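Subject: Structure handover and findings

Dear colleague,

I am passing on the structure we spoke about, together with notes on what turned up in it. Please have it open beside this message as you read.

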Amino acid sequence: QKAITPHPFGNEYWRIAVRFQPTGAISGDFYDIYKMRGGSLGVIVADAAGHGVAAALITMIAKPIFMHAMKRYGATNMKAVMETANSEFLEEIGEINEFLSAQAVRLDAGSVTFVNAGHPPAVLWGGGRMREFHSSGSYLGMPELVTPYAQETERVSEGDILLMFSDALIEAKNSEGKEFGLARVRELLAAGYSSPDDLITALTEAVYQYTGTRRLRDDLTIVACQR
C-alpha cells in the first residue's frame, strides 16, 4: 500500500498536502492524485467499509479502477468517472458484499468540479464563503442502491482551499463519546492558513487534543488543495 500511495504533488495553480494515517499496519482508506489532459489535476479520496485485511484488499481493487476512470473521463465528465468506477467495481467484486465511499475532484485553473458517492462532504473555503459538496449518489459496490451521480462545479480564486477527508476526522470521539464533528472542521478552515500543510497540521492536532490520543480508532486521510 505504501509503495503505491503517491507523494503529494501540485501544478502551477494548485498546492496539495496530504495526511495519510492508517490505524494499523494496513489501511481501508486510499487517495490518489492524477495529471490529466489539459493540465488539470484529479484527486480521489475513498474509504472501504470496515477495517483490516478485507478493507485493504478492497482499496487495492478500487485503485486501478479509479485510475482508469479518471484517465478516461476525468478531463471532461466527473459524473462519468464515478459511474464507470462503480460499474467496474461491481463487476470486479462479483458476489462479495463489500462497498466503499468515494469522492472525486478535478482541479482546474479557475474552478473545481466534484462528485461524491456516499462520502463525507468536501468543504471549499474562500472569499469569506463556505461551500460543501455533499453526496449525490450511493456507495460504490451496492447494486441495490445504485442512484445517479451528479457533479457540481464551483469557481475558485487564489487562496481558496478545498478540504477532503475520510470519516475518521469528523467521527473521532472524546472521552464522553462525543464526535469531533463537521462544525469544528469548518471553524478551523475559516481561521485561515497560509498553506495546505499548515491547515492539515492544525486539523490533526485539534483531533488529537480532542480525543486525547494520537492513535485514532479509524484510518485517517485528509487532503487539502489550495489554489
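Which side chain does lysine 79 meet in a salt bridge? The partner is glutamate 83, with 2.6 Å from N to O. Please keep in mind throughout that this is a predicted model. Both lysine 79 and glutamate 83 belong to helix α2, which covers residues 78-93, and they stand four residues apart, about one turn of the helix. Lysine 79 is partly exposed, with a relative accessible area of 29%, and glutamate 83 counts as partly exposed as well, at 32%.

Another salt bridge links lysine 178 with glutamate 176 at 3.8 Å, N to O, and glutamate 176 counts as exposed, at 61% relative accessibility.

Turning to the strands, five of them form an open sheet in the order β2-β3-β4-β5-β8, with antiparallel pairing. The edges are taken by β2 and β8 (152-155), each of which has a single partner strand, so one side of each is left without a neighbour in the sheet. On average, and with direction ignored, neighbouring strands of this sheet are turned by 15° against each other.

Helix α1 lies across β2, β3 (41-48) and β4 (100-107), running at about 20° to β2, while α2 lies across β4 and β5 and runs at about 150° to β4.

As for the aromatic side chains, the structure holds five aromatic pairs. In one of them, the ring centres of phenylalanine 20 and tyrosine 31 are 5.7 Å apart and the planes stand at 70°, so the pair is edge-to-face. Because phenylalanine 20 lies in strand β1 (residues 15-21) and tyrosine 31 in strand β2 (residues 29-35), this pair ties together parts that are 11 residues apart in sequence. Phenylalanine 20 is partly exposed, with a relative accessible area of 26%, but tyrosine 31 counts as buried, at 6%.

Phenylalanine 30 and phenylalanine 66 form a tilted aromatic pair, with 6.1 Å from centre to centre and 55° between the planes. Phenylalanine 30 lies in β2 and phenylalanine 66 in helix α1 (residues 52-73), so the pair ties together parts that are 36 residues apart in sequence. Phenylalanine 30 is buried at 6% relative accessible area, and phenylalanine 66 counts as buried at 1%.

Finally, there are charges placed over rings. Lysine 35 lies over the face of phenylalanine 9, at 5.7 Å from the ring centre, and the charged end of arginine 184 sits over the ring of phenylalanine 180, 5.9 Å from its centre.

Conventions: Residues numbered from 1 in each chain as written. Predicted model: local features only at pLDDT ≥ 70, side-chain atom pairs only at ≥ 80, totals over all residues. Heavy atoms only, no water. Phe/Tyr/Trp six-rings, centres within 6.5 Å; stacked < 30°, edge-to-face > 60°. Helix = DSSP H or I, 4+ residues; strand = E, 2+ residues; numbered from the N terminus. Buried < 20%, exposed > 50% of the residue type's maximum accessible area, 1.4 Å probe, protein only. Lys NZ or Arg CZ within 6 Å of the ring centre and 35° of its normal. Salt bridge = Lys/Arg side-chain N within 4 Å of Asp/Glu carboxyl O. Pairing = 2+ DSSP bridges. Axes fitted to C-alpha atoms, helices over the stretch in contact; angles between N-to-C directions. Contact = heavy atoms within 4.5 Å.
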